[in-house]
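Hi,

Here is the structure I promised to pass on. Have a look at it first, and my notes follow below.

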Amino acid sequence: MNNTQATLALASAANESTAPESRKAMIQLQGVGKHFGQLRVLKGIDLTIHHSEVVCLIGPSGSGKSTLLRSMAFLEEYDEGQINIEGQLLGWQNAEASGVARKRAPQAKINQVRQNVGMVFQQFNLWPHMTALGNVTEALQQVRKQSKAQARERALAMLDKVGLAHKADAYPIQLSGGQQQRVAIARALAMEPHIMLFDEPTSALDPELVGEVLQVMKTLAKEGMTMVVVTHEMGFAAQVADSVIFLDKGEVVARGTPQQIFHDAEHPRLQQFLQNYLDRNAFWQDGKDAAAAKP
Amino acid sequence: MSFDPHIITDHLDDIGNGFLVTLGTWSSGVVLGLLLGLVIALAQVFGNNFVRAPLRVFIEIIRSTPFLVQLFLLYYGGPSFGLEMDPIPAGILGLAVYGSVYFAEIFRGGFESIPRGQLEAADCLGIGRLRCIVRIQLPQMAVIILPALVNLVTVLCKETAVLSIITIPELTMVLTGIGSQTFAFVETLLALCIGYLILVEACSRLGMLLETRVGRFMQRQPQ
């Protein structure tokens, strides 16, 4: 009980936005850093994500946004600072230590801490030798030790949630990219996560298939799922996110509401990033402007 | 030139026994070799350098020496190291060890062919390493490595002929024996070829059946 109260106190203290007091801190990052060899790709990130919050991470490629997200599932072993998932230290036994003194927690402990974290990947990462249903039931049976019938029932409910109950017996190769990604979302949701992490979930999709995946994610957000999304879909970020974080060169450059980030951008690096994005996506202009824009 | 089919028909019992011995040593050697190869591959893929380095040396030694010499060393040299074996167990072990290093290389390639992301997905869902190997990696690898496995298994089938030198009464020993007794080399050697042909052909057919079975998920159209 004390622990929960402490967490709550921390959450409200760290909370600069308008979130109500009762909101619990789901993910807390303190001074998180990560090196790839000599390159420091994350430089001391501090971040708190609260219950039901939808956070979008944006930034140029190489800014560290995917590495940051993957660290939250311990797919990257962050080597500085600490990440707490619902108050529990993720991945390390002693996060205050650095270098070789840092000891990896036992695998069972790592799995226990992140059991409420669901992950969705850019490349879907479905298991191609299993049907859509098999992909969803696998962890229910192997990890949660559910009976075949139980797992099947749960999996069908999840596939139905993403609108794919009728594709339960299809193999991934028989599904479109958008459908595969929705199966991947169902697979993660089946484990009843409290937090969902999305790593560029629509970047590998044909443009016309992006919408169906974003729709599923919007529904999840409405239902109050805590979500962290690395995305290039600024429209999604603007509509759905509670806060948007702009990363550059491994640092949080700006954090704010979509309004603050997209409309009132102050930081020059952010302005430049958004301008590039707008230029790339403006494929049609009025006659006069288009003529003026021609080199 | 004469051709006397009676040479074969008169010795059908012996030839049949030889055939069974070949089939037995071959299949036991293959099963044992597959298991050994899988263990070596797993140790190489998941082990640290202390495990990998000696295995690398072992693989190189076995790959760069002839099977005949290895077999001689195991059967005739074995007793000097306190390893006394009957011919058939020695033959099976020799075949298994010889095959295992090639099996290991095939398995290793198979493990490396499964995209990392699939393993990360399993990892995130709490699926352990062993389960991941059994449920996710091996079934997919099977499709990729089956042709190479079948190929190696047929090569091992023909390598069983070498077992005759350590007095195992397999097909080659039986038929060349009949040949030298009767001087009917054409009949006996032809029968020998047919014997191996039957075994290898059966193995290839079985392999193809397996390939379609394990590769069902690769088909774009539902059946």
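A word on aromatic pairs before anything else: rings of Phe, Tyr and Trp (its six-membered ring) pair if their centres lie within 6.5 Å, and planes under 30 degrees apart count as stacked, over 60 as edge-to-face and the rest as tilted. With that rule, A:F74, A:Y78 and A:W92 make up one aromatic cluster.

Some housekeeping. This is a predicted model, where local features need pLDDT of at least 70 and side-chain atom pairs count only at pLDDT 80 or more, while totals for chains, interfaces and linings use all residues. Residues are numbered from 1 along each chain as its sequence is written, chains are lettered from A in the order in which they are written, and side-chain values use heavy atoms, with hydrogens and water left out.

Back to the rings: there are 10 aromatic pairs over all chains. B:F46 and B:F111 have ring centres 6.1 Å apart and planes at 75 degrees, so they count as edge-to-face. That pair links distant parts of the chain, with B:F46 in helix 2 (residues 12-46) of chain B and B:F111 in helix 5 (residues 87-113) of chain B, 65 residues apart. Helices are DSSP runs of H or I with at least four residues, strands are runs of E with at least two, and both are numbered from the N terminus. B:F111 is buried at 4% relative accessible area, while B:F46 is partly exposed at 29% (buried means under 20%, exposed over 50%, partly exposed in between, with a 1.4 Å probe and protein chains only).

Now the sheet. Chain A has an open sheet of 4 strands in the order 2-1-4-5, with antiparallel pairing (two strands pair if DSSP finds at least two bridges between them). Its edge strands, each pairing on one side only, are strand 2 (39-50) and strand 5 (88-89) of chain A. Strand 1 (residues 25-36) and strand 4 (residues 80-85) of chain A pair over 5 bridges, and A:Q28 has A:N84 in strand 4 as its bridge partner.

Cheers
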